[in-house]
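Let us walk through this structure step by step. Keep the sequence and the 3D view side by side.

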Amino acid sequence: MTRKKSTNPNLRSSAAAVFGAVLCSLREAKGISQGQLAILIPCSRPHLSRIEGGTRNPQEDFVLAVDRLLETGGQLMDLWKEIDWYARVEHPDWFRRYAGYEDKSSAIREYQVLRISGLLQTEAYARALFSGGIAAGNAELIQELVTSRLARQHRLFDADGPLLVVIHCEAAIRTMVGGPEVMYEQLGHLLEMGRRPNIVHQIAPFSLGERLPFGTMVTFVTSPEGKTRLYSESLDQGHFIEDPREVQSRRRTYDLLQAEALSPRDSADLIRSVREGLLNMMPTESTDSWRKSSYSDNNGGNCIEVTSGRPGQLVRDSKDPEGPILSFTPTAWQSFVDAVRTDTFPTA
């Protein structure tokens, strides 16, 4: 029996919450903590927490791993298959045509000026954008727009998903959206997505100056048949160019920009640098919560202090409390602590 596809984003959100609650119940029944399960999967603990909280869609390989680790007999996979994770949401009239082409595309090439590509946005980043736009104050409309944007991303994870090439102007990764914590998560998501085999991500640095050829976002969408269309947006509507000669001319300009942009590796390095700079903008729990090893004396020495903060475990030099602060994900920190405790660091 074919299930009817839902167009109500609230139904999808409710289903995701049910899946998360079932997962949490099964995990707790096994006596396994979130941190322990995250290490075994493996994934980050915040990622697992968001899935259990119903705010992140689990992928098939995640569900298969959890079913195996919790010995559920395929219970989670059966539930996962019943949920329409990417329920269709109506797009604004001027965007529907583009969304249709994007959904069937074999390749997408974008240039973004001030914002992260919608196909690479986190939920928190997208929500911050819509909360400050024309939907401000309308919680229902904001949720609908966020759900619509996230629904567009699922094809990137398909086995036959499209090639996605995104060039962000450096301004996009430096423009603060939603505060430092939202940006820290968003930049981490860019790094994670950039490691996928079908995604190429580059930064057009400020140093290109007047050589940046586009003053607005542009997207080239290529169909499986090989036809390429150019799409761009103004304040309140989208624009298509389908004339092959004009599309070819603009595509040549895009290719030249890609050649001048930072390589994917150098782009990732720049993103990491910007991301690390956000750490000093985030509040820690309190200065009193910093703690150091019980083996440490009061004479300084080679010791560190740690505290639980955002976006993860924070570490600083006990001799220089006003100096730099390093941040580690809960999973990475727990792995480090376990290795110290058990003396299982690799020797080669």
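S105 counts as buried, because its relative accessibility is 3% (buried means under 20% relative accessible area, exposed over 50%, partly exposed in between, with a 1.4 Å probe and protein chains only). S105 sits in the loop between α6 (93–103) and β1 (107–112). Helices (H or I, at least four residues) and strands (E, at least two) are DSSP runs, numbered from the N terminus.

This is a predicted model: local features need pLDDT of at least 70, side-chain atom pairs count only at pLDDT 80 or more, and totals for chains, interfaces and linings use all residues. Residues are numbered from 1 along each chain as its sequence is written, and side-chain values use heavy atoms, leaving out hydrogens and water.

What surrounds S105? Setting aside neighbours within four places in sequence, S105 is in contact (heavy atoms within 4.5 Å) with R155, P162, V221 and T222. A polar atom of the S105 side chain also lies 2.8 Å from the backbone oxygen of E102.

Now turn to α8. Several of its residues are buried, including I142, V146 and A151.

Next, find α10 (residues 180–193) and α12 (residues 264–279). Their axes, lines fitted to C-alpha atoms over the stretch in contact, come within 9 Å and cross at roughly 160°. Angles run from 0 to 180 degrees between N-to-C directions. The two helices are therefore roughly antiparallel (over 145 degrees; under 35 is roughly parallel, 65 to 115 roughly perpendicular and the rest oblique). Among the residues that meet here are Y184 and L187 in α10, and I271 and L278 in α12.

How values were computed: A polar contact is a pair of N or O atoms within 3.5 Å; within protein, one must be able to donate a hydrogen and the other to accept it, and residues adjacent in sequence count only if both atoms are side-chain atoms.
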